[in-house]
Amino acid sequence: MFAYQMRVNPSQIRQRIRRLEGSLGALLGQLLDERGALRRGSFVTLHRKCGKATCHCARGSGHPADYLSTRREGRTRLFYLSREIRAQVAEEAGRYRAFRQRRALLAKRMRSLLAGLDELAEALENPEPLGGQKKGKSQGRWRSARSD
Ligand SMILES: [Zn+2]
């Protein structure tokens, strides 16, 4: 009785898995619908001094300039972003970031889905022990099950 009460209701687990399925499908749809170019990296603003002795930056923090920072083969590289390409690169980098975030969320939901299936298997497991049955009775069951 007590052991039965502790078991989780299988239909609740199924409902949870169905909701995950819907969310997984939506995420996968968004990932597959992506048509725009992606660009790996993140934006960095660096302040650099131009070198002119009379410029205000000589005593200040320098002129701000935007760069794209990317890691390839373990090395970080900085690419200067001119005013002409900055907006486009920002868009592509934003798409890349969104893509990776959705993929991470998808992976998380997939792990939940697999955990849910494990829970379902546990909830459906027959709690009756096999060891306690009498030999003659179980053999008789086998025979009748086979002849059916
Ligand atoms: Zn300057």
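Trainee: Among contacts in the protein chain between residues at least 6 apart in sequence, what percentage join residues at least 24 apart?

Mentor: That share is 65%. Bear in mind that this is a predicted model. A pair counts as a contact here if the C-beta atoms lie within 7 Å.

Trainee: What makes β1 and β2 a pair of strands?

Mentor: Two strands pair if there are at least two bridges between them. β1 and β2 (residues 63–72) have seven bridges, in the antiparallel sense, so they meet that cut-off. Among the bridge partners, F43 goes with L68 of β2, and H47 goes with P64 of β2.

Trainee: How do you know that β2 and β3 pair too?

Mentor: Six bridges join β2 to β3, and the two run antiparallel; the cut-off is at least two, so they pair. One example is T70, whose bridge partner in β3 is R77. In the hairpin of β2 and β3 there are two residues between the strands, and E73 takes a positive phi near 50°.

Trainee: Why are β1 and β3 called edge strands?

Mentor: The open sheet has three strands in the order β1-β2-β3. β1 (42–48) and β3 (75–80) each pair on one side only. From one strand to the next, the twist averages 40°.

Trainee: What percentage of the residues count as buried?

Mentor: Of the 148 residues, 3% do. To be buried, a residue needs 20 or more other C-beta atoms within 10 Å of its own.

Methods: Residues numbered from 1 in each chain as written. Predicted model: local features only at pLDDT ≥ 70, side-chain atom pairs only at ≥ 80, totals over all residues. Helix = DSSP H or I, 4+ residues; strand = E, 2+ residues; numbered from the N terminus. Axes fitted to C-alpha atoms, helices over the stretch in contact; angles between N-to-C directions. Buried ≥ 20, exposed ≤ 12 C-beta atoms within 10 Å, placed from the backbone. Contact = placed C-beta atoms within 7 Å.
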